Amino acid sequence: MAEAKVLSGAGLRGQVAGQTALSTVGQSGAGLTYRGYDVRDLAADAQFEEVAYLLLYGELPTKAQLAAYTEKLSKLRDLPQALKEVLERIPADAHPMDVMRTGCSFLGNIEPESDFSEQHDKTDRLLAAFPAIMCYWYRFSHDGKRINCVTDEACIGGHFLHLLHDKKPSELHVKVMNVSLILYAEHEFNASTFTARVCASTLSDLYSCITAAIGSLRGPLHGGANEAAMEMIERFSSPEEAVEGTLGMLARKDKIMGFGHAIYKDNDPRNEVIKAWSKKLADEVGDTVLFPVSEAIDKTMWEQKKLFPNADFYHASTYHFMGIPTKLFTPIFVCSRLTGWAAHVFEQRANNRIIRPSAEYVGVEQRKFVPIEQR
Ligand SMILES: CC(=O)SCCNC(=O)CCNC(=O)[C@H](O)C(C)(C)COP(=O)(O)OP(=O)(O)OC[C@H]1O[C@@H](n2cnc3c(N)ncnc32)[C@H](O)[C@@H]1OP(=O)(O)O
Ligand SMILES: O=C([O-])CC(=O)C(=O)O
């Protein structure tokens with residue numbers, strides 16, 4: 001596939017649908033850049049909040065700006081009582097992406113964006129509140145516990161792990177969450193971001209744009225692939241079984257979740273980063289199955305189909321090794337991608353024309369209406 005891939009055809013593939021100064025995907029040189037910075041450099045040395053600031057405010061922050069920004073976000077973490085009550089009504093077997101969608105939408109009712117001048121503040125509020133929206137619902141519906149939504153964790157990744165596990169996370173886990181949130185933050189005109197931009201182009205409010213984007217990210221062909229990949233890898237108890245199972249899935253023409261990409265031709269630059277952290281965590285927990293199984297699937301997919309793991313594949317084992325329940329994988333993606341979505345909404349608003357493409361009509365020719373009695 002690597003050589004043959006052509007960016008054209010259905011799905012608007014290869015068509016320029018607008019301009020962005022936020023990221024480049026799959027261009028020569030660095031595979032993925034955020035405002036000109038290679039994502040691998042950001043993942044190695046930056047904090048997620050620095051990247052959020054870069055995307056939302058235009059430049060990397062100075063030390064003082066970062067301190068003020070993280071302080072602002074940490075003060076916005078708590079949830080209003082009315083939102084907690086809504087979350088308590090959502091059943092334990094609901095999909096957590098539906099919880100995120102509802103949480104975002106409900107917050108838009110009680111703290112609406114009444115004017116576009118509020119767009120940065122409303123985004124910061126969502127950025128600070130999303131981990132608590134996910135964890136308040138999860139802990140209440142699964143453990144019967146009404147958690148305190150405020151922690152003293154310095155960063156969003158640590159705050160999320162603390163809310164989920166009710167204890168201070170290790171430095172290693174905080175670092176991995178930070179890397180993961182950076183890798184997922186922004187990706188040009190992917191399906192969910194394009195959804196947000198279409199919504200923004202009607203001059204709708206920020207919460208509507210983000211709620212719509214969450215709906216698009218939920219699907220297994222997009223953000224939902226990390227959960228689907230986990231469900232697949234945990235079915236195998238050895239690399240040999242994984243190879244056999246993968247060959248079987250390919251023979252049945254099943255889609256293998258966590259592989260392939262709409263834009264990248266032969267690798268996803270985020271993969272090497274998250275794979276390395278997955279390996280570190282595998283060593284930390286003494287894993288002898290999941291990581292080797294993942295590698296066996298990875299190798300088989302390349303040998304058989306020249307398909308490569310995308311950002312989602314090794315995120316599955318990475319999150320699993322940190323004790324994160326599979327159903328929360330895609331909501332974590334929301335906590336990160338919110339930054340990219342919102343930055344695109346700002347960009348769309350700054351130079352807007354309603355997005356309204358045309359369709360090629362393939363239906364029947366024009367015909368005469370037949371009254372119901374005569375049909
Ligand atoms: C963060 C993210 O959102 S990354 C993407 C996450 N999604 C997934 O991992 C889901 C699995 N992957 C896929 O479904 C696809 O690769 C997508 C949706 C990511 C991209 O779709 P497309 O751009 O249509 O893929 P592409 O044009 O490269 O497909 C080429 C061929 O490879 C096949 N193919 C692509 N990915 C896979 C896969 N994961 N498993 C099996 N076959 C695949 C396609 O079916 C197609 O075959 P065909 O020509 O016989 O129809
Ligand atoms: O760009 C895409 O089509 C999907 C993707 O990898 C992302 O949104 O991170």
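Modeller: Keep in mind that this is a predicted model. Let's start with strand S2, residues 32-34, which runs antiparallel to S3 and is joined to it by 2 bridges.

Colleague: What makes S2 and S3 a pair?
Modeller: Pairing takes at least two bridges, and 2 bridges join S2 to S3, so they count as a pair. Within S3, Asp-38 is the bridge partner of Thr-33.

Colleague: What is the order of the strands in the open sheet?
Modeller: The 3 strands go S1-S2-S3, and the pairing is antiparallel.

Colleague: Why are S1 and S3 said to stand at the edges?
Modeller: Strand S1 (23-25) and strand S3 (37-38) each have a single partner strand, so one side of each has no neighbour in the sheet.

Colleague: On to ligand 2. Which residues are around it?
Modeller: His-187, Asn-190, His-222, His-261, Arg-270 and Arg-337.

Colleague: How do you know that His-187 makes a polar contact with ligand 2?
Modeller: The cut-off is 3.5 Å between N or O atoms. An N or O atom in the side chain of His-187 is 2.7 Å from an oxygen atom of ligand 2, so the pair qualifies. His-261 has a polar side-chain atom 2.7 Å from a ligand 2 oxygen, and for a side-chain N or O atom of Arg-337 the distance to an oxygen of ligand 2 is 2.7 Å. Of the 270 Å² that ligand 2 exposes when taken alone, the protein buries 83%.

Colleague: What classes make up the shell around ligand 2?
Modeller: There are 4 polar residues, 2 charged ones and no nonpolar ones.

Conventions
Residues numbered from 1 in each chain as written. Chains lettered and ligands numbered in written order. Predicted model: local features only at pLDDT ≥ 70, side-chain atom pairs only at ≥ 80, totals over all residues. Heavy atoms only, no water. Near = heavy atom within 4 Å. Polar contact = N/O pair within 3.5 Å; in protein donor to acceptor, adjacent residues only side chain to side chain. Areas by Shrake-Rupley, 256 points an atom, 1.4 Å probe, with all protein chains shown as cover. Nonpolar A, V, L, I, M, F, W, Y, C, P; charged D, E, K, R; others polar. Helix = DSSP H or I, 4+ residues; strand = E, 2+ residues; numbered from the N terminus.
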